[in-house]
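Trainee: I would like to learn how to read a protein model feature by feature. Could you take me through one slowly, giving the general idea before each case?

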Amino acid sequence: QVQLQESGGGLVQPGGSLRLSCAASGSISRINAMGWYRQAPGKERELTARITYGGSSDYADSVKGRFTISRDNAKNTVYLQMNSLKPEDTAVYYCYAAAVLTTFQNVVSWGQGTQVTVSS
């Protein structure tokens with residue numbers, strides 16, 4: 001299986017920046033896609049950004065131009081640089097990875113979530 005360890009959440013003022021990291025470990029042959037979802041209180045979980053093994057990425061309209069997703073394939077790690085943060089970005093951010101294991105099994109794994117709070 002795949003374990004995901006997230007870090008980088010916290011409290012930041014509007015207009016500030018945070019960088020989330022998510023490192024995958026386990027019996028991984030290849031991670032095809034990695035990304036971030038977020039869930040605000042009382043709302044459904046929504047895709048924030050995702051990136052393929054080759055580096056193609058896409059974003060939710062609400063974060064385009066402010067968030068940047070990247071990955072280091074050698075480290076099985078994905079990053080989310082969040083700039084110009086707004087109060088509406090407040091949510092729990094969940095990392096996910098769609099991976100192929102060394103057993104050739106395809107799995108989708110989730111991190112435990114990291115809280116991002118944007119408030120003055």
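**Reading the model together**

Mentor: Let us begin with a polar contact, in which the side chain of R38 meets the side chain of Y93 at 2.9 Å. A polar contact is a pair of N or O atoms within 3.5 Å; within protein, one must be able to donate a hydrogen and the other to accept it, and residues adjacent in sequence count only if both atoms are side-chain atoms. Please keep in mind that this is a predicted model, in which local features need pLDDT of at least 70 and side-chain atom pairs count only at pLDDT 80 or more, while totals for chains, interfaces and linings use all residues. Residues are numbered from 1 along each chain as its sequence is written, and side-chain values use heavy atoms, with hydrogens and water left out.

Trainee: Where is R38 found, and is R38 buried or exposed?

Mentor: Strands (E, at least two residues) and helices (H or I, at least four) are DSSP runs, numbered from the N terminus, and R38 is found in strand 4. Buried means under 20% relative accessible area, exposed means over 50%, and partly exposed is in between (1.4 Å probe, protein chains only). With a relative accessible area of 6%, R38 is buried. Contact means heavy atoms within 4.5 Å, and, not counting residues up to four places away in sequence, R38 touches residues including E44, R45, E46, F67, D89 and Y93.

Trainee: What is a nonpolar core, and which residues touch the most other members of the largest one?

Mentor: A nonpolar core is a set of buried Ala, Val, Leu, Ile, Met, Phe, Trp, Tyr and Cys residues joined through side-chain atoms within 4.5 Å. The largest nonpolar core has 31 residues, of which V2, W36, V78, L80, M82 and Y93 touch the most other members. Several strands each supply at least two residues of this core, among them strand 1 (2–7), strand 5 (46–52) and strand 8 (77–82). Strand 9 gives the most to this core, with six residues.

Trainee: What does V2 touch, and what does L20 touch?

Mentor: Leaving aside neighbours within four places in sequence, V2 is in contact with A24, S25, I28, A99, L101, V107 and S109. L20 lies in strand 3 and counts as buried at 0% relative accessibility. With the sequence neighbours within four places again left aside, the contacts of L20 include W36, V78, L80, M82 and Y93. The C-alpha atoms of L20 and V2 are separated by 19 Å, and these residues are 18 apart along the chain.

Trainee: How should I read aromatic rings, and how many aromatic pairs does a search of the whole structure find?

Mentor: A pair of aromatic rings is described by the distance of the centres and the angle of the planes. Rings of Phe, Tyr and Trp (its six-membered ring) pair if their centres lie within 6.5 Å; planes under 30 degrees apart count as stacked, over 60 as edge-to-face and the rest as tilted. The search finds three aromatic pairs. One of them, between Y37 and Y96, is edge-to-face, with 5.6 Å centre to centre and 70° between the planes. That pair links distant parts of the chain, with Y37 in strand 4 and Y96 in strand 9, 59 residues apart. Y37 is partly exposed at 22% relative accessible area, whereas Y96 counts as buried at 10%. Y96 also forms a tilted pair with W110, with 5.6 Å centre to centre and 40° between the planes.
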